Amino acid sequence: MHALQLDGRAPFSRIAAVLGVSDQTVARRYTRHRTSGALKVLGLADAQALGDITWLVRVQCAPDAAVSVAEALARRTDTSWVSLMSGGTEIAAVCRAPSSDHSDALLLQKLPRTPSVVGVTAHCLLHEFFGGPQGLISKSGALTDAQIAELSPSPPNSPDPPSPAIPPAAVQLTLTDADRHLFDALARDGRTPLGELATVTGWSPSTVRRRLAELRADGVLYYDVDYDLRQFGYGVMVALWLSVAPAELAAAGEALAAHPEVAFACATTGPNNLFASVLCQGTEALYTYLTTRVAALPGVRAMESAPRIRHIKGPGPLFTPSPAAGRRR
């Protein structure tokens, strides 16, 4: 799993050579976990590289309507990480919009509007401290530094500074229709064979291979691994909202991102300006974490924690998971 987090399309032969096992062993174990729903490799588009705006949305609604509203949100193509939180009266979701104008339409017009929805709050993601291609498995120590170096792809190209005569929005990459078909396929399975990707895009396999390399080099495409939390002993997932003094926000965010319990961390707008997804083995471990590591963060003025009680949708398209499958955020 750690190897796939580093490079989701790495050949099994390469992973096997680094791990010191046979190709057949790697292929067999991957197939077993993949078919059981315990592991899935996803190819995803980086929001910042595309100039998209990301919103962390909290929807408050009546308990009898929470599931239906959450499922309606999950069916949208611009949402991810949809969950029921707390006592079943709050829904958490991540929404993406290509611009401020589209954000206005998403937040004010397209979110579910029923009498059972009593409140909606949205926090704009300002800076990501940990997440994207950096998965929680990266903190596991499963691979040595030497193995990580062997499996890690080249870092994305550093973007050239925009010309003063060109507005920043003009230098963002624009995806073609074929690119979108490519990302749709990779979001379902990041290891989709080149032949199938060629079919959905209308390109030749060599063109697909070249485009994958270009998108990866430009930092637009990254691979993520979605897996069964129970394999790593996690029993509790909590959304953590912190209010941090502005002068300490960067330091607190960087320190939070280094915690082994944190799967995702970002700075946001709003009175609670630092968010994290936290995973612990149980409630006692969560208490210890909150009263030690979180308590030691600089500049924290207030804290709100909300446990996840049901996962509806992960980072990829909505699908019906195996009963044994879990999620890591």
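A salt bridge is here a side-chain nitrogen of Lys or Arg within 4 Å of a carboxyl oxygen of Asp or Glu, and the legends below describe a predicted model.

Figure 1. The side chains of Asp 179 and Arg 211 come together with an N to O distance of 2.9 Å. In general, side chains of opposite charge can pair when their charged atoms come close.

Figure 2. The whole structure contains eleven salt bridges, among them the one between Arg 96 and Asp 52, whose closest N and O atoms are 3.0 Å apart. This pair links distant parts of the chain, since Arg 96 lies in strand β4 (residues 90–97) while Asp 52 lies in the loop between α4 (47–50) and β2 (53–61), 44 residues apart. Arg 96 is partly exposed, with a relative accessible area of 27%. Another of the salt bridges joins Arg 76 to Asp 78, with 2.7 Å between the closest N and O atoms, and Arg 76 is likewise counted as partly exposed, at 21% relative accessibility.

**Figure 3. Eight strands form a closed barrel.** The strands of the barrel follow the order β2-β4-β3-β10-β7-β9-β8-β5 and pair in the antiparallel sense. From one strand to the next, the twist averages 35°. Strands β2 and β4 run antiparallel and are joined by eight bridges, and along this pair Leu 56 stands opposite Val 94 in β4. Helix α12 (residues 283–294) lies across β7 (236–244), β8, β9 and β10 (300–313), and it runs at about 20° to β7. In general, the strands of a sheet pair through backbone hydrogen bonds, either parallel or antiparallel.

Figure 4. Strand β3 pairs with β4 in the antiparallel sense over five bridges, where Ser 80 has Val 94 in β4 as its bridge partner. The two strands form a hairpin with four residues between them, and Ser 86, in the turn, has a positive phi of about 50°. Strand β3 is also joined to β10, running antiparallel, by four bridges, and here the bridge partner of Ser 83 is His 311 in β10. Trp 81 lies within strand β3 (residues 79–85) and is buried, with a relative accessible area of 13%. Its phi is near 45°, a positive value in a residue other than glycine.

**Figure 5. Asn 272 sits in a loop and contacts residues from elsewhere in the chain.** Asn 272 is found in the loop between β8 (262–268) and β9 (274–280), and despite this loop position Asn 272 is buried, with a relative accessible area of 16%. Its side chain makes a polar contact of 3.5 Å with the side chain of Glu 304. When neighbours within four places in sequence are left aside, Asn 272 is in contact with His 123, Trp 241, Leu 242, Ser 243 and Glu 304.

Figure 6. A search of the whole structure finds zero disulfides. Cys 266 accordingly takes part in none, and the nearest cysteine sulfur, which belongs to Cys 124, is 9.6 Å away. That distance can be set against the cut-off for a disulfide, which requires a pair of cysteine sulfur atoms within 2.5 Å. Cys 266 is buried with a relative accessible area of 0%, and Cys 280 counts as buried at 4% relative accessibility.

**Figure 7. The protein chain as a whole gives the setting for the close-up views.** The chain has twelve helices and ten strands, and 46% of its 329 residues count as buried. Among contacts between residues at least 6 apart in sequence, 78% join residues at least 24 apart.

Key: Residues are numbered from 1 along each chain as its sequence is written. This is a predicted model: local features need pLDDT of at least 70, side-chain atom pairs count only at pLDDT 80 or more; totals for chains, interfaces and linings use all residues. Side-chain values use heavy atoms; hydrogens and water are left out. Buried means under 20% relative accessible area, exposed over 50%, partly exposed in between (1.4 Å probe, protein chains only). A polar contact is a pair of N or O atoms within 3.5 Å; within protein, one must be able to donate a hydrogen and the other to accept it, and residues adjacent in sequence count only if both atoms are side-chain atoms. Contact means heavy atoms within 4.5 Å. Two strands pair if DSSP finds at least two bridges between them. Axes are lines fitted to C-alpha atoms, for helices over the stretch in contact, and angles run from 0 to 180 degrees between N-to-C directions.
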